[in-house]
Amino acid sequence: MLKPLAPDLDALNILDERLRFLSAWTIHHANHVRDSSDGLKVGGHQASCASMSALMTALYFHALGPNDRVAVKPHGGPLLHAIHYLLGSQSVEQLQNFRGFGGMQSYPSRTKDQIPVDFSTGSVGLGVAITAFASLVQDYLTAHGKMAEADRGRFVALIGDAELDEGNIYEALIEGYKHDIRNCWWIVDYNRQSLDATSADRMFERFDEIFASCGWRTVELRYGKRLGAAVARYPALKDWLDDLPNADFAAMSFQGGAAWRTRVAADLGSAGKEFLKAHDDDDALGLLMTDLGGHCMASLVEAFDAAQDDVPTLFIAWTVKGFGLPFAGHKDNHSGLMNPTQAHAMRDAMGISAGDEWQPLAGVGPNGLPAVQALLDRSRILRAKRDRSFGKIAIPVIAAPSGDEQATQAAFGKIMLDLSRAGGDLAERIVTTSPDVTVSTNLGAWVNQRGLFKRREMKDVFAAAKIASAQKWSATNQGQHIELGIAESNLFLMLAALGLSGDLFGERLIPVGTLYDPFIARGLDSLNYACYQDARFLLVATPSGITLGPEGGAHQSINPPLIALGQPGLRHYEPAFVDELAIMMAEAFRLIDAPDGESTYLRLSTRSIAQPERADDRWHADALAGGYWLREPGPGAEAAIVAMGAVMPEALAAFDELSPDLPGLGLLAVTSPDLLHRGWSAAQAARWRGKHAPSHVEALLSRLAPGAGLVTLCDAAPASLSWLGGVLGNRVAPLGVDRFGQTGNLTDLYAAYRLDGDAITQSIAELLLTPS
Ligand SMILES: Cc1ncc(C[n+]2csc(CCOP(=O)(O)OP(=O)(O)O)c2C)c(N)n1
Ligand SMILES: [Mg+2]
């Protein structure tokens, strides 16, 4: 790790003021200066920025090295842009278009902002936790010789104190402890205010213990140097302040020096007299009482300098929300905006002339200027967005496992084993991970081959004792499987960090995560977060649906295909047969390494079914595009069965039974409702721009007679496929699962939930009997 720079406190203090002003002015401009065509409030969080301008100044202009990566508290976004503006890597136009179309985003965004953003933030808690997983990825890369020791950095999260209520932070803390993570700083902007009000008084005393028990060092920056000296000199003042409720502190910070004076006099009586006499100016008293650690440059610099090892460290920096703004400390200030008079007063007080607000160093006097410029010049943070690393991995053809009867889940395990045995670049880059369902999702054979990853070796006690087991369970720093505890949110954050390795470290990994399909919902926001950042991975969700049979309703997933239908950045594939699975896996790996790619969600099943005989591979392209005719419809067909995934045998059986009477009947195998729907919407949008190519789903369905009936069948919510009727106006009988599952064998379950041949026959009859 690089040594920190020699501090220049005066220049840092000037930058702090400048950043506080610029962030506030950016928000002010968007709300009060820029024309508003729709009358909507633009918004922004001046108080949340002011709270941590000193903190970010000390970090970015003193502590950070070039390899360090930061997740900035969402509402502190304008500060990050202001920092880049001062460094010359952000334009004034972008600042002026804050929250406008194409302008800088409300919350730091890797994909949409023009400055380099290490981690997107927005949904509180997730930006914090991903830094722990990113540090684990760094350890993985260095252990595997994919990254030089000298390029290692630190992972920093800037956290709002109310953000610490998010449970996912503690899940990550526990997982981080198990994996012995290091090089993490989590810095809390401890302003003791959330969105609604001032926060609970007692919790901060517990954070120390929680973090310490997970191996973290905790550093509290409560009082700044000046207030620290005062409380050292007046012990009664210290006792009183130490016990002062957050809300009282906040209220007096808002009211100012006179209120502090009255209250100190009332509460301390004669014990406070000497102190008050020595501080007889109200304004100065107000400033002294709010000299908290998080606003004191010397304290911040000192604390960062003292934590230059790799021990994960929690800094609790006490602050006042809205510090230096007219609504400092007010409990309602979260979305508070200065009115124009207040904003102009702040500008004037900082010595900035009207019209010079955007001058990067306006208001900085000639004495301070050279030192401030020197600080900017020597800043070691990344100033430009890095090129993303894509297209370097050769993806081999993946062969389908052989066997007349197979399940997609088992076949996934076999393909992973084959890939491991084959070796090569792809296999070396694959990292698997699973929240305690490695074995039950068929990743076991891969893990036997490739081993678990841990920084410190872990022996397989059972193997050493010669106790028979199919599963090897030893770990080294060369392993390629990261085993997680049962916390699905962590799985998605792990996949997000692994899936950003090309962007963060210049070395792309191929992450493969497995979990049970119903538990996607458990980590849904983390999954969305991973996709939002364009992290690339393959998610294998299995088992799925009521086809899981005896396991029962708590494990039988229903709605994940609908989730996938609405999730940008994630492609859903649901194979019925294992040769489909093989080409989908190759496609998923390709998409991970393609500039215009995305992540893939494979929904698999434990049901073993007869595999089809294929005459050729002409179906490949259609299957990868979302669906293909497994049984071609005849000219002018009046009906088709449309089926997806594990229930394909029922569809095939019904087809065989019905086709003698319905000669034109077709059977459409849908492999991705998600892709079909996307293509359909895109084609409609394109038609408005003069492009008239039909989408894949339109081309498929145009093989039927106008108004032909469709029986759609899937082991999932029926709406996953029933929308197909809207494409060309076909009538639809939607079969699927629309109530919770239960235990049972497949015959009973399929009959009860109408996924069997009878249901298909009845539905076809009804469609054909009902006039269109
Ligand atoms: C998951 C999630 N829930 C709710 C919100 C809405 N929200 C935004 S900021 C905030 C309060 C943040 O308080 P704190 O973390 O203390 O930050 P401060 O602005 O005080 O620095 C809330 C509830 C959100 N962004 N994310
Ligand atoms: Mg707060």
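A polar contact here is a pair of N or O atoms within 3.5 Å; within protein, one must be able to donate a hydrogen and the other to accept it, and residues adjacent in sequence count only if both atoms are side-chain atoms. A backbone N or O atom of V124 sits 3.1 Å from a nitrogen atom of ligand 1, and a polar backbone atom of G122 is 3.0 Å from a nitrogen atom of ligand 1. On the oxygen side, an N or O atom in the side chain of N191 lies 3.1 Å from an oxygen atom of ligand 1. Taken alone, ligand 1 exposes 590 Å², and the protein buries 75% of that (accessible areas come from the Shrake-Rupley method with a 1.4 Å probe; for residues, only the protein chains shown count as cover).

This is a predicted model, in which local features need pLDDT of at least 70 and side-chain atom pairs count only at pLDDT 80 or more, while totals for chains, interfaces and linings use all residues. Residues are numbered from 1 along each chain as its sequence is written, chains are lettered from A and ligands numbered from 1 in the order in which they are written, and side-chain values use heavy atoms, with hydrogens and water left out.

Who else is around the ligand? In total, 18 residues surround ligand 1, and the closest are S48, K73, D161, Q193 and K321 (near means that a heavy atom of the residue lies within 4 Å). Sorted by class, this shell holds 3 nonpolar, 9 polar and 6 charged residues (Ala, Val, Leu, Ile, Met, Phe, Trp, Tyr, Cys and Pro count as nonpolar, Asp, Glu, Lys and Arg as charged, and the others, Gly among them, as polar).

Stepping back to the whole chain, there are 34 helices and 20 strands (DSSP runs numbered from the N terminus: H or I of at least four residues for helices, E of at least two for strands). The C-alpha trace spans about 100 × 70 × 45 Å along its principal axes. Of the 772 residues, 58% count as buried (under 20% relative accessible area; exposed is over 50% and partly exposed in between, with a 1.4 Å probe and protein chains only).

L700 lies in helix α30, residues 696–701, and counts as buried because its relative accessibility is 4%. Leaving out residues up to four places away in sequence, L700 touches D622, G627, Y628, W629, L668 and L676 (contact means heavy atoms within 4.5 Å). Q611 is in the loop between β15 (609–610) and α27 (619–625), and is buried at 17% relative accessible area. The side chain of Q611 reaches the backbone oxygen of Q406 at 3.2 Å, and a polar atom of that side chain lies 3.0 Å from the backbone oxygen of I609.

Most residues other than glycine have a negative phi, and most peptide bonds are trans. The bond from T542 to P543, however, is cis, with omega near -5 degrees. D180 has a positive phi near 60 degrees and is partly exposed at 26%. R192 also has a positive phi, about 55 degrees, but is buried at 3%.
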